[in-house]
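Hi,

Here's the structure I promised to pass along. Have a look first, and then read on for what turned up in it.

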Amino acid sequence: MKPIIETFNLKKQFGPYTAVNNISLTINKGEVFALLGPNGAGKTTFLSMLCTILRPTSGTALINGFDISRESAQVRRSIGIVFQDPSVDTDMTSRENLQMHANLYSVPVSEQEERIKQVLELVGLSGRADDFMYTYSGGMRRRLEIARGLLHYPRVLFLDEPTIGLDPRSREHIWDYIRNLRKREDMTIILTTHYMEEADRLCDRIAIIDQGTIVALDTPSVLKQEVGGDIITIRSDKSQVLSDLLIQDNIAGHVSYHNDEIKISVQDANFQFPGIVEYAVNAGIRIDHVTITKPDMNDVFIHYTGKELYHGETPERTGRIAMMKRRRAR
Amino acid sequence: MSEIRGIYTLWLREVKKFLREKPRLINAICQPLLWLFIFGTGMRFSSGMPGINYQEFIFPGLIVQAMLFTAMFMGVSVIWDREFGFLKEILVSPISRTSVFLGKMLGTSTDVMIQGIIIFPFAYLIGIPVHIFMVLEALPLMILITIGLVCIGLTFASLMKSFEGFGLIQTFINLPMFFLSGALFPLANVPTWLQWASYVNPLTYGVDALRTVMMGDTWVQLFPMSLDIMVLLCFDIIMFVIGKTAFCRVE
Ligand SMILES: Nc1ncnc2c1ncn2[C@@H]1O[C@H](COP(=O)(O)OP(=O)(O)OP(=O)(O)O)[C@@H](O)[C@H]1O
Ligand SMILES: [Mg+2]
């Protein structure tokens with residue numbers, strides 16, 4: 001396997017604050033690679049440096065063999081990017097937006113029309129191609145941005161939370177196409193996402209990033225193995241009380257409480273589950289519903305990025321995500 | 001070659017956007033009419049300028065004024081591009097920063113020239129005989145005026161973080177440059193300090209040159225034409241360098 005992206009101690013500081021802290025990693029040609037991390041982890045900052053929009057404080061990276069600091073023009077020619085924030089000209093039609101892009105990236109004039117038709121079909125916007133983009137919904141704008149990122153057949157495609165704001169059908173559609181595209185065009189795709197089951201299903205490798213550092217990097221299956229064991233999910237009318245008691249008396253594994261559910265991660269549910277039930281009965285709490293599952297990406301995410309495992313998802317964090325979505329929908 | 005295509009693309013975008021904005025075009029046509037017919041008529045009949053028709057006198061000044069305001073307004077559209085994210089799409093493309101600046105500059109300059117040219121036909125309304133040679137002489141002068149002004153607009157847009165600062169440009173660039181250009185009153189009889197303040201304003205030379213071309217013998221030149229052109233050229237070059245430097249620093 002040939003590497004197409006290599007970063008060497010890539011670091012970015014904003015004043016005293018370190019947003020990306022000495023990240024070194026290698027991404028191979030043809031890979032679909034996901035960056036997973038909580039808000040503010042440094043994902044966008046990391047991508048911005050690779051796209052030559054932000055200058056690294058120290059360290060460097062090679063993309064398609066070109067140095068991001070010294071050969072930025074060649075790097076830019078090799079990549080396509082879908083930004084996290086909106087970046088279309090809403091005073092233009094979507095066809096005009098695509099034409100501008102094609103011209104900025106020197107797509108041969110003879111191929112332009114055909115390619116524009118292709119990508120518009122892909123994202124299901126053919127019928128609206130000549131409408132001004134201020135008449136589009138947020139999701140439609142997002143789809144056009146994705147189409148635009150693919151227009152010049154980049155070697156490496158960066159997608160910063162590409163499917164946020166899309167309905168499930170469009171999301172599936174986009175992913176199908178991207179998977180095919182990779183096979184056909186030998187394209188490498190790096191994306192950030194909050195949809196963990198998607199990262200799980202579609203990506204070859206996942207890097208979990210927290211506070212500017214990579215805390216885990218491997219294939220989805222290995223990551224899940226490392227979290228290990230089973231997850232017991234319990235529902236009860238006194239979930240909150242039971243969860244506090246379990247933590248207080250340190251009955252079994254890691255306990256978290258969220259959305260009226262208790263999640264307990266244990267080594268082996270077969271042995272530890274009866275003990276938990278007994279404890280609950282003794283405490284006078286009835287258990288309504290139980291599921292035992294193998295850990296999914298969501299659990300892996302929480303495992304590596306910390307505190308949430310014990311306290312559940314904090315309202316603050318949920319609030320922030322909702323805020324970001326609103327901002328994006330603008 | 002790809003750079004030229006990039007420049008062309010950005011140029012086309014500016015011009016399309018300018019021509020599509022109907023309210024702006026209406027404004028572009030109506031505002032000079034107000035100046036010419038209300039302000040112009042009022043001044044003509046209240047302050048005498050012997051031997052000179054006041055409307056004919058301010059006509060070249062109004063062209064310059066319209067170009068000045070358009071240049072500033074369109075120049076700072078870079079701020080909108082940044083606000084709405086489209087600037088990122090341009091800056092991450094393989095086109096060099098210099099070309100992006102050139103595209104933006106040429107596009108905005110074209111808008112400004114269109115704005116200036118729109119005003120020409122009004123000359124008939126106030127009885128100035130416009131003939132083709134006069135227009136052909138005026139156009140190159142207008143281009144010289146335009147480039148420097150557009151670069152000022154782009155410089156501010158590159159330095160300003162938000163659109164809030166636009167009011168400052170209005171107060172500290174647009175109006176002083178307009179009032180001190182001799183567009184509205186002759187600089188021959190004003191106090192020395194005002195005269196000197198006007199002489200450091202490049203627009204004074206632009207207005208002077210345009211009057212020389214459009215008013216013929218009725219206008220007593222402030223400076224020889226060659227000096228006017230020299231000053232405008234220097235103005236363009238200096239502002240171009242400053243604008244390009246400022247723009248290339250935008251993150
Ligand atoms: N231009 C900037 N100036 C100062 N601080 C910045 C700047 N850009 C980002 N940061 C900070 O760097 C950190 C990482 O931000 P970044 O946008 O990379 O996070 P992210 O992982 O993309 O988060 P999200 O999931 O919310 O998009 C944040 O704490 C942010 O406040
Ligand atoms: Mg981000």
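How many bridges join strand β1 of chain A to strand β2 of chain A, and do the two run parallel or antiparallel? There are 8 bridges between β1(A) (residues 3-14) and β2(A) (residues 17-28), and the strands run antiparallel. Bear in mind that this is a predicted model.

Now for the helices. α3(A) (residues 94-104) packs with α5(A) (residues 138-150) at an angle of about 25°, and their axes are 10 Å apart. Angles under 35 degrees count as roughly parallel, so that is the label for α3(A) and α5(A). The crossing of these two helices is right-handed.

Who makes the contact? On the α3(A) side you'll find A:Ser94, A:Asn97, A:Leu98 and A:His101, while α5(A) brings A:Leu144, A:Ala147 and A:Arg148. By type, the residues of this contact divide into 3 nonpolar, 3 polar and 1 charged.

Cheers

Terms used
Residues are numbered from 1 along each chain as its sequence is written. Chains are lettered from A and ligands numbered from 1 in the order in which they are written. This is a predicted model: local features need pLDDT of at least 70, side-chain atom pairs count only at pLDDT 80 or more; totals for chains, interfaces and linings use all residues. Side-chain values use heavy atoms; hydrogens and water are left out. Axes are lines fitted to C-alpha atoms, for helices over the stretch in contact, and angles run from 0 to 180 degrees between N-to-C directions. Helices (H or I, at least four residues) and strands (E, at least two) are DSSP runs, numbered from the N terminus. Angles under 35 degrees count as roughly parallel, over 145 as roughly antiparallel, 65 to 115 as roughly perpendicular and the rest as oblique. A crossing is left-handed if the near helix is turned anticlockwise from the far one by less than a right angle, and right-handed if clockwise. Contact means heavy atoms within 4.5 Å. Ala, Val, Leu, Ile, Met, Phe, Trp, Tyr, Cys and Pro count as nonpolar, Asp, Glu, Lys and Arg as charged, and the others, Gly among them, as polar. Two strands pair if DSSP finds at least two bridges between them.
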